[in-house]
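This briefing is intended for a reader who has the sequence and the coordinates at hand. Please consult both while reading the points below.

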Amino acid sequence: PFATFANPANASAMANASMPKLYDSYLNALGIPGTERQQVMEALIDFATLRYQMLGTLLEGSLSPDEAVSVFGADALAQNLQDSLTAAQQDELRLYDQLIKQDTLREVYQQALQRTGSAISGSVQNRVMTALLDEVLSPQTNWGALVAADGSMRSAHRERLAAFDRARDTLQGDLNAQQLNHLDRFIEAQGNGVDIILEASTDGDGRVSITQARVAAENLPQ
């Protein structure tokens, strides 16, 4: 599914469709003039276009660690917009981007939980989601970035699995045997591959729409 993004026109079309939906609220909160706002949005779209184009190259293992970090690392978006934003605006972008990741991963993990059983639901599911997201979106897991600090997708996958294990340890005293078994099936399924978010959007009511692709763990580049 990534080969089509190597075409600049396809990558640009995807970025133009997704980025305004995701970052309009961020730009509105900045309260900057219309011309400057448009320039920032164009910078966001340009970076998203680059990221789409580089996905296939990343999965081929053809990017250097520094290149991978500069496009897919935890701070890649804010760093790539440093010429368009003040330091304070970059900090706000980092926080906003983490909120988007949180909403997106919550949706992805909820769907994955539903596919692996029915023992975790309701308030218990909320506790499980909180524990999982707290660990995955943490410094130990490079804030949930697609690549680890060393630029490796495999390292990021290992860090994510370690985060799941830490979340399980946190939840162990709150879940019964059936629920723990369900959580273990979820963690095992997550160990088999990586979900790559191709597009995500939210509406005013907090509903998330996601287009994603799954890459098998054995196919991840070194």
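The structure is a predicted model, in which local features need pLDDT of at least 70 and side-chain atom pairs count only at pLDDT 80 or more, while totals for chains, interfaces and linings use all residues. Residues are numbered from 1 along each chain as its sequence is written, and side-chain values use heavy atoms, with hydrogens and water left out. The protein chain has eight helices and two strands. Helices (H or I, at least four residues) and strands (E, at least two) are DSSP runs, numbered from the N terminus.

**Overall architecture**

- Read along the sequence, the elements of the protein chain follow the order α-α-α-α-α-α-α-α-β-β.
- The radius of gyration of the protein chain is 18 Å, close to the 17 Å that the globule rule gives for 222 residues, so the chain is as compact as a globular protein of that length. This radius is taken over C-alpha atoms, and the globule rule is 2.2 Å times the number of residues to the power 0.38.
- The C-alpha trace of the protein chain spans about 55 × 40 × 30 Å along its principal axes.
- Of the 222 residues in the protein chain, 47% count as buried. Buried means under 20% relative accessible area, exposed over 50%, and partly exposed in between (1.4 Å probe, protein chains only).
- Among contacts in the protein chain with a separation of 6 or more, 64% come from residues 24 or more positions apart. A contact means heavy atoms within 4.5 Å.

**Packing of H5 against H8**

- Two packed helices are described by the angle between their axes and the distance between the axes.
- H5 and helix H8 (residues 177-191) pack at an angle of about 115°, and their axes are 9 Å apart. Axes are lines fitted to C-alpha atoms, for helices over the stretch in contact, and angles run from 0 to 180 degrees between N-to-C directions.
- The crossing of H5 and H8 is right-handed. A crossing is left-handed if the near helix is turned anticlockwise from the far one by less than a right angle, and right-handed if clockwise.
- On the H5 side, Tyr-109, Ala-112, Leu-113 and Thr-116 meet His-182, Arg-185, Phe-186, Ala-189 and Gln-190 of H8.
- By class, the contact of H5 with H8 has five nonpolar, three polar and one charged residues. Ala, Val, Leu, Ile, Met, Phe, Trp, Tyr, Cys and Pro count as nonpolar, Asp, Glu, Lys and Arg as charged, and the others, Gly among them, as polar.

**Aromatic pairs**

- Rings of Phe, Tyr and Trp (its six-membered ring) pair if their centres lie within 6.5 Å; planes under 30 degrees apart count as stacked, over 60 as edge-to-face and the rest as tilted. By this rule the count comes to six aromatic pairs.
- The ring centres of Phe-5 and Tyr-52 are 5.1 Å apart and the planes lie at 40°, so this pair is tilted. The pair links distant parts of the chain, with Phe-5 in the segment before H1 and Tyr-52 in helix H2 (residues 34-60), 47 residues apart. Phe-5 and Tyr-52 are buried.
- The rings of Tyr-23 and Tyr-96 have centres 5.6 Å apart and planes at 50°, so this pair is tilted. Here too distant parts of the chain are linked: Tyr-23 lies in helix H1 and Tyr-96 in helix H5 (residues 87-116), 73 residues apart. Both Tyr-23 and Tyr-96 are buried.
- Tyr-23, Tyr-26 and Tyr-96 are joined by ring pairs into a cluster.

- Ser-18 belongs to helix H1 (residues 8-30) and is buried, with a relative accessible area of 3%.
- Apart from neighbours within four places in sequence, Ser-18 is in contact with Tyr-52 and Glu-199.

- Asn-142 lies in the loop between helix H6 (122-136) and helix H7 (153-171). This residue has a positive phi of about 50° although it is not a glycine, and it is buried, with a relative accessible area of 15%.
- Trp-143 is found in the loop between H6 and H7. Its phi is near 60°, a positive value in a residue other than glycine, and at 38% relative accessibility Trp-143 counts as partly exposed.
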